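Dear colleague,

Please find below the structure that I am handing over to you, followed by an account of what was found in it.

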Amino acid sequence: MPIVNRVADLTADITAWRRDLHAHPELLFDVHRTAAAVAEKLKAFGCDEVVTGIGRTGVVGVIKGRKGGERVIGLRADMDALPIEEATGLPYASTVPGKMHACGHDGHTAMLLGAARYLAETRNFAGQAVVIFQPAEEGGGGGKEMVDEGMMDRFGITEVYGMHNYPGMPVGQFGIRPGPTMAAADYITIDIEGKGAHAARPHLGIDPVLVGAQIIVAAQSVVARNVDPLKSAVVSIPMFRAGTADNVIPQTVQLRGTVRTLSEEVRVFVEKRLRELVEHTAAAYGAKATFTYRRNYPVLVNHARETGYAAEVAGQIAGAERVDIDLPPMMGAEDFSFMLNARPGAFIWIGNGDSAGLHHPAYNFNDEAIPFGTSYWVKLVETRLKG
Ligand code: NI
């Protein structure tokens, strides 16, 4: 069974919504125009309940099926854009300097709106569908705020699903995997205090730049020599702030970076090893280092049973041979992980064709994916909530 017929009829509307969102990108929690447009549409579609202001600017719509049922299925889209100057040259390119929808959240929001319209119109299911539009996926933890505010209990959500586009995967294909799918993303800051000196008289100081360089090299040994080679971790320290003159050894330097891991065990271990290396390396040179480890998004773990349901529905839409059920995990992060920590569910990837990569100034969501993504949402509800 390919694209749902009624969804095919709605595709022109969904595409128009997507392009309007694309032209008006908003960042993090500051998605007021987007959230207002979403809420207005959900009301116009006849959702039984539309609630705004969850997780600051999140929006939730409730659609009751024609048949009674206990199950409540949550479908989640993200609404925020990125602080990137768009370079697509599209007729509907960003009208806001320095902001663009470079991760396709415009497409995610539009596809879920299309599904809400279809579901409110047909209601051919038992139980309830809850459409979730979250702010601040790009680093702000909007999904976490919605969960922390009690969204799951308030709407009685029993399982939850997410979707993201995937550049490089052909349109009309899906990818998914059970278990750890995206990494925990944590952030490190290392402040090193040495002793400033004239660059020609280094023996009178303690050079924190040299200490910082040693720490950067030592940090790579954690992944190369300490973490089990069959497990995954990334330590990247892309920021090194030091010095103001070519003949002055500074008093302090700061390093900043990120740690990505695919399990809680490795996450805890890498933090511990980094802390030891940083403190002891600094001490070995007579400097002092302060190590700050900030936990951000947790590992995104797909639940096995719900991953099976999702893959089966994707197969109904695309054909089973076009669903990769063993897509390799990624070291990027997603705050849908907070929702999956609260309820069973699964996160699926949908092909975006041969586009520029996510977060690239030339990226664009592929409108040809719309009928596939929207059909997936509505079939997921009708399959999981069969009366
Ligand atoms: Ni994204």
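Which residues does N364 touch, not counting residues up to four places away in sequence? They are R18, H22, L90, Y92, N352 and S355, where contact means heavy atoms within 4.5 Å.

Please note that this is a predicted model, in which local features need pLDDT of at least 70 and side-chain atom pairs count only at pLDDT 80 or more, while totals for chains, interfaces and linings use all residues. Residues are numbered from 1 along each chain as its sequence is written, and side-chain values use heavy atoms, with hydrogens and water left out.

**The loop between β16 and α10**

N364 lies in the loop between β16 (345–351) and α10; helices (H or I, at least four residues) and strands (E, at least two) are DSSP runs numbered from the N terminus. With a relative accessibility of 16%, N364 counts as buried; the term means under 20% relative accessible area, with exposed over 50% and partly exposed in between (1.4 Å probe, protein chains only). N364 and A12 are 352 residues apart along the chain, and their C-alpha atoms are separated by 17 Å.

H359 lies in the loop between β16 and α10 as well. H359 is partly exposed, at 38% relative accessibility. Its phi is positive, near 70 degrees, in a residue other than glycine. Most residues other than glycine have a negative phi. A positive phi, of about 50 degrees, is also found at A136, which is not a glycine. A136 sits in the loop between β4 (126–134) and α4 (142–148) and is buried, at a relative accessible area of 0%.

**Helix packing around α10**

Two packed helices are described by the angle between their axes and the distance between the axes. The axes of α3 (residues 105–122) and α10 (residues 370–384) come within 9 Å and cross at roughly 45 degrees. Axes here are lines fitted to C-alpha atoms, for helices over the stretch in contact, and angles run from 0 to 180 degrees between N-to-C directions. α3 and α10 are therefore oblique to each other, since angles under 35 degrees count as roughly parallel, over 145 as roughly antiparallel, 65 to 115 as roughly perpendicular and the rest as oblique. Residues in this contact include M111, L112 and Y118 of α3 and W377, V378 and V381 of α10.

The axes of α1 (residues 5–23) and α10 also come within 9 Å, crossing at roughly 120 degrees. This pair is oblique too. V7, T11, I14 and T15 of α1 make the contact with I370, P371, T374, S375 and V378 of α10.

**The nonpolar cores**

A nonpolar core is a set of buried Ala, Val, Leu, Ile, Met, Phe, Trp, Tyr and Cys residues joined through side-chain atoms within 4.5 Å. The largest has 57 residues, of which L42, L75, F133, F174 and Y376 touch the most other members. α3 gives the most to this core, with nine residues. Apart from it lies another core of 25 residues, including I192, V227, V259 and V266.

**Strand β15**

V323 is placed in strand β15 (residues 323–324) and is buried, with a relative accessible area of 10%. Leaving out residues up to four places away in sequence, V323 touches F174, A311, A314 and G315. V323 and A311 are twelve residues apart in sequence and 6.9 Å apart in space, C-alpha to C-alpha.

With kind regards
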